[in-house]
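Here is a note for a colleague opening this model for the first time. Please keep the sequence and the 3D view side by side while reading.

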2 protein chains.
Amino acid sequence: MKKQVWIQFNQLEAFMVDVFLSIGVPENDAQTCADVLINSDKRGIDSHGVGRLKPIYYDRIVRQKIQQPTTNLEIIRDKAATAVVDGHHGMGMVVGKQCMEMAIEKARTYGLGMVVARNSTHYGFAAYYPMMACNAGMIGLTGTNARPSIAPTHGVENMLGTNPLVFGMPTDEGFPFTNDYATSIIQRGKIEQYEREGIDCPAGLIIDRQGKTKTDSVQILKDLVAGQAALAPIGGISEETGGHKGYGFATVVELLSSALQQGAFLKQLSGLTEEGEPRAYSLGHFFMAIDIDHFCDLEEFKKTSGEVLRALRNSQKAPGADRIYTCGEKEHLAGIDREGKGAPINEVLQNQLIQMRDEQGLTQYRFSFEAK
Amino acid sequence: MKKQVWIQFNQLEAFMVDVFLSIGVPENDAQTCADVLINSDKRGIDSHGVGRLKPIYYDRIVRQKIQQPTTNLEIIRDKAATAVVDGHHGMGMVVGKQCMEMAIEKARTYGLGMVVARNSTHYGFAAYYPMMACNAGMIGLTGTNARPSIAPTHGVENMLGTNPLVFGMPTDEGFPFTNDYATSIIQRGKIEQYEREGIDCPAGLIIDRQGKTKTDSVQILKDLVAGQAALAPIGGISEETGGHKGYGFATVVELLSSALQQGAFLKQLSGLTEEGEPRAYSLGHFFMAIDIDHFCDLEEFKKTSGEVLRALRNSQKAPGADRIYTCGEKEHLAGIDREGKGAPINEVLQNQLIQMRDEQGLTQYRFSFEAK
């Protein structure tokens, strides 16, 4: 076993498909789920890629039995530009992809489409869905609630999920604008990554019940689940630094992820029964597509959006700063950097891959990090 | 003249209508403009109320001649759920109200409606328009670009407007959820208020070209116009504190306010020609309405959204904190507090009111603060 190795994307993706198949996810759905995860690794977002295969999907289906491998997407209501679906605790990525496909189809007809889902599960990295819209020449928007993690301004209790509010917009630059960020300063996935890498979390991002900051990544993850710590919203803990604005965006996402679909919210998403037993997360998501053709010529839109982003990057840098980025650019650059290289797999993750392989008898896989 | 007096809303509103009429704004439009301004004062948002009548509307029409008192709203494109309009530098509030009315009407039919505007002008406090949607039983969303003020992460140049991204959602509480915040930590209107009140701006919210913080409110407003200072986005100046997330939201608003309507953006919105002469601002806005009835029962939605907000307010407070607020609550409480009391009018504003009154010969108005 080596400390960290790089594994090619195609091997990881094929392995993930086979793991999903082995635990009962149907063929097409397994490909969708693996595609969402591997695309996060390709974008350099290790917090939401193959590193989540075991804890967030495999274990919840096989061990905790709080998620269904088959996704029976029920359409509760389907009107002109809108729809409401129930995911019945199937695969969040399958729910997400189907919802965004519906939103895109509606937008093609009416200019706009919006689909909301309830009783779903973790849908991977959020930008995946707006990027589907971008590929269709549209603006995409999505958000999801999640396990209670963020404290309201003037509060210390973990109430709101990390609730991303993510737009995707086409540009003439070969990759779309995507602001795929949690509405907390730091997100759970990043702390999980710190944990896997054995690194402390920076100060000021987490508060405990006494209003003090925490830094031990392992302990933070436990405390977050136990409700003994909370994430600060974007803007920080106080109103003076604008914390109420991040708290506002987190609340917007919580409302759009629950009220329209009459789904679960806040503490109901703890993943635990009152007796402390694991239970389904019942997440809510929303998806919106805006067909640019209904407003203006798509190429003109892309030219303008590209010009805005280039002007930002070309503006005066702070003394000592190398460059200015725009949203989605770092992920695009990571993708170029990782071409032919794959994803970094640390020791914790190596053990997870071996365990899933062995448990499911996927004997055709042998990894480069295994002892000869 | 007294340092600060309170003037009843109905007197201020009537005066504003007459000022608008006297400078050529048609009757209905004058009422709309005054309604937007007075509702900001009623919500306790003094930065966007009567205090802006002279500098942002009156002076731009009468002195700088960069804004039209009559609003010839041209509908460039009108399709199923979408429309594009050109405001031809008329009154931003008139453009805004008409756009949101169109979006609401479209949402009634299709479930969603979105209208974007170009060549508009300052449209007042942004929450006004989502609140129109809330009154119609809908979710509302709006944003606008503005004079370049915010620096990108790793940059020091004022590039982006204070670009609010504002949602309004109905609740069962008698007032809607509205997160009417700039995507900077502090917004121009608040600095203008500090200036009127002769107060310094807190440190850490403004950076100069050398990357250092500024606090002199009078100087900041000059430096912002001259491009020698910039606002930090929500999250602050660095990525470690999440500044790139606020910068991301500011960019989202800039793109949605320019690319779909093929309008102006960033430095084009300086309000100055290359020779330094005043010119029209050519702002862009977007307006969206989401008809809740197309998703679920409106009363059920309101019940859920109210429950989410009450749970947040009732969660554990930080040691020393009096209470936890939800978005729109402070404005609602300010409204109750100001009933029968009116708006605070400081000395600077008293002089402005007298000057406009005298210039326009509105001799029927005599204010309580004038010498007997």
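**Notes on the predicted model**

1. Start with the domains. In chain A, the assignment gives domain 1 (1-65 + 342-372) and domain 2 (71-185 + 232-330); such bounds come from an automatic or database domain assignment. The C-alpha centres of domain 1 of chain A and domain 2 of chain A are 25 Å apart. Across the boundary, 18 residues of domain 1 of chain A are in contact with 17 residues of domain 2 of chain A (contact means heavy atoms within 4.5 Å).

2. Ground rules next. This is a predicted model, where local features need pLDDT of at least 70, side-chain atom pairs count only at pLDDT 80 or more, and totals for chains, interfaces and linings use all residues. Residues are numbered from 1 along each chain as its sequence is written, chains are lettered from A and ligands numbered from 1 in the order in which they are written, and side-chain values use heavy atoms, with hydrogens and water left out.

3. On confidence: chain A has an average pLDDT of 95, and 99% of its residues score at least 70. The pLDDT is the predictor's confidence in each residue, from 0 to 100. For the complex, the predictor gives an ipTM of 0.96 and a pTM of 0.96. Where pLDDT is low, the predicted coordinates should not be read in detail.

4. Overall build. Chain A has 11 helices and 11 strands. These are DSSP runs, numbered from the N terminus: helices are H or I with at least four residues, strands are E with at least two. The radius of gyration of chain A is 20 Å, close to the 21 Å from the globule rule for 372 residues, so chain A is as compact as a globular protein of that length. That radius is taken over C-alpha atoms, and the rule is 2.2 Å times the number of residues to the power 0.38. The C-alpha trace of chain A spans about 55 × 50 × 50 Å along its principal axes.

5. Packing and surface. Of the 372 residues of chain A, 64% count as buried. Buried means under 20% relative accessible area, exposed over 50%, and partly exposed in between (1.4 Å probe, protein chains only). Among contacts in chain A with a separation of 6 or more, 68% come from residues 24 or more positions apart. The accessible surface of chain A is about 13100 Å², with 47% belonging to carbon and sulfur atoms.

6. How many salt bridges are there? Over all chains, the structure holds 46 salt bridges. The criterion is a side-chain nitrogen of Lys or Arg within 4 Å of a carboxyl oxygen of Asp or Glu. One of them pairs A:Asp78 with A:Lys106, with the closest N and O atoms 2.5 Å apart. This pair links distant parts of the chain: A:Asp78 is in strand S2 (residues 74-78) and A:Lys106 in helix H4 (residues 92-110) of chain A, 28 residues apart. A:Asp78 is partly exposed at 48% relative accessibility, whereas A:Lys106 is buried at 9%.

7. A second pair is A:Arg313 with A:Glu173, whose closest N and O atoms are 2.4 Å apart. A:Arg313 sits in helix H9 (residues 298-313) and A:Glu173 in the loop between strand S6 (165-169) and strand S7 (177-178) of chain A, 140 residues apart. Both A:Arg313 and A:Glu173 are buried.

8. Chain B has a salt bridge between B:Glu157 and B:Lys267, the closest N and O atoms being 2.6 Å apart. B:Glu157 is in the loop between strand S5 (138-144) and strand S6 (165-169) of chain B, and B:Lys267 in the loop between helix H8 (243-256) and strand S10 (283-291) of chain B, so the pair ties together parts 110 residues apart in sequence. B:Glu157 is buried at 14% relative accessibility; B:Lys267 is partly exposed at 34%.

9. Check two backbone angles. Most residues other than glycine have a negative phi. A:His88 has a positive phi, near 45 degrees. A:His88 lies in the loop between strand S3 (82-86) and H4 of chain A, and is partly exposed at 36% relative accessibility. A:Ser282 also has a positive phi, of about 55 degrees. A:Ser282 is buried, with a relative accessible area of 13%.

Conventions:
Areas by Shrake-Rupley, 256 points an atom, 1.4 Å probe, with all protein chains shown as cover.
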